Amino acid sequence: MELSSSSSDAGGVSVTSVLAMLMRHIRTAQVESTLQRLSIPHDSYELEYNILLSAAPTNSSSSSPSTTTTLLLDAAYAAGLSRARVVDTATAYQVCYQRKYPTNNNNDDNDDDAEKKNKKNKVVMVVDMGKTQTTVVVLGPNKKTNEKEDDNEEATTGNNTMTVRSSIRSKTLGAGSVDLRLYQHFMENEIAAALLKKKNTASSLSNKSQHRLLEGCKKLKHLLSQLPEGQVTVENIMDVDLKLSLSAKVLQELCQPEAEELKRLLGRALSEADLVNNAEDEEELIVSSIEITGGGCRIPWVKETILEAVAAKTTTDSAAAAGAVLSYSLDDTSAALGAAVWGEEQQDNDNDEAAVLEETESRQTLRSFEEKLTEFDQNFQDKADLMNRIEAHILELRAAKHDRKYGKLLP
């Protein structure tokens, strides 16, 4: 999610207003309704919401929040939230991984010096490929702790704490790009041949047919993520059922541009992580684990590209350079878990006032507008419920006519 103050309004409704609608729905339809089912009075205490921002952290040293963060907090206030924090995806993954695999307790007394050094200098790359975007995060030891310092006590503090060394995101690369490549391939081949046979133009393919073709491409992608060859049937394409077949090798050739873009993304993340010049004894830090998550990372060529990019970026001539393995320790809920844990840590570290949303004139205007829309939605829902009750009553009366005892009394 990335917003800017220059976001244009659509029909008089701003981006912040749309976000406020979404957050209010999450608050009422999911959080508060869940607490109600559990018989927990949600109004007896203040809830704090941690908003996950899928954007790379800024390198700016300014303490003022970014435009995107400000808009999100404005929307949170308009949605009726009194406490909220914003955390980026990279930090959420770092916190989640640190909580699941704490490195500060990994050094056993029985470990030799080499083993302790490997644990201390452990570097983890997280690759999250969703449908529309891809995020790459490199986690490793704090750069400051890798520098030689005179004060040994200060140098050892936090040596085993993983930090975000780099975070890169692509807003165009995702699993949906593979669907579009397949769609384009079949439109230029099978569909084009069928249209030529019927002497039709490409514009004669209806929107529904195009949608069914795209859904078929998505199913074929899922098959090719597990099998070397796959075939699906798309119903009612120009009055016929069209069979689409392809091999994983051909799919990899079709997606070569996406593979090159992924390599550049991974290479940039490793370059900004600065693994070469920031390690003790001027030794290069090695990526020991690659955590992959998201549906796109299930595609075989995506896995191969990740391993190739990491191996190509590693300059150390040793067996450990090719020792990075793909791991599935994180899943789609890891970022949300990390955001929740991060929020708890922030409550312990500060005076607990940072999450309080301050009331401003602009925020009050947004909340008033959102309350009016909520009232309109509630009135519309009440009217729909009333119509459903009336319809149910009419159906009940119609069914009563067939009652053997009193049905004959009805006109």
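This is a short tour of a predicted model, stop by stop.

Residues are numbered from 1 along each chain as its sequence is written, and side-chain values use heavy atoms, with hydrogens and water left out. Local features need pLDDT of at least 70 and side-chain atom pairs count only at pLDDT 80 or more, while totals for chains, interfaces and linings use all residues.

**Stop 1: the largest nonpolar core**

Select Met125 and Val127. Of the 47 residues in the largest nonpolar core, these two touch the most other members. A nonpolar core is a set of buried Ala, Val, Leu, Ile, Met, Phe, Trp, Tyr and Cys residues joined through side-chain atoms within 4.5 Å. Buried means under 20% relative accessible area, exposed over 50%, and partly exposed in between (1.4 Å probe, protein chains only).

Now select helix 11, residues 256–273. This helix gives the core its largest share, seven residues. Helices are DSSP runs (H or I, at least four residues), numbered from the N terminus.

Go back to Val127 and show its contacts (heavy atoms within 4.5 Å). Not counting residues up to four places away in sequence, Val127 touches Thr134, Thr135, Val136, Leu266, Ile290, Glu291, Ile292, Thr293, Cys297 and Ile306.

**Stop 2: the second core**

Select Met23, Tyr77, Leu81 and Ala84. They are among the 16 residues of a second, separate core.

Arg367 lies over the face of Tyr77, 3.9 Å from the ring centre. The cut-offs for a charge over a ring: NZ of Lys or CZ of Arg within 6 Å of the ring centre and within 35 degrees of the ring normal.

Next, pick Arg24 in helix 1, residues 15–37. Is Arg24 buried or exposed? It counts as buried, at 14% relative accessibility. Leaving aside neighbours within four places in sequence, Arg24 is in contact with Ala29, Ala78, Ala79, Gly80, Glu370, Glu371 and Thr374.

**Stop 3: helix 9**

Select residues 207–224, the 18 residues of helix 9. Colour Ser209, Leu213, Gly216, Cys217, Leu220, Lys221 and Leu224: these are buried. Look down the axis. The face turned away carries the exposed residues Asn207, Lys208 and Lys219.

**Stop 4: the aromatic pair**

Finish with Tyr97 and Tyr101. They form a tilted aromatic pair, 5.1 Å centre to centre with 45° between the planes. Rings of Phe, Tyr and Trp (its six-membered ring) pair if their centres lie within 6.5 Å; planes under 30 degrees apart count as stacked, over 60 as edge-to-face and the rest as tilted. Tyr97 is buried at 3% relative accessibility, whereas Tyr101 is partly exposed at 32%.

Conventions:
Helices (H or I, at least four residues) and strands (E, at least two) are DSSP runs, numbered from the N terminus. The expected span of a helix is 1.5 Å times one less than its number of residues.
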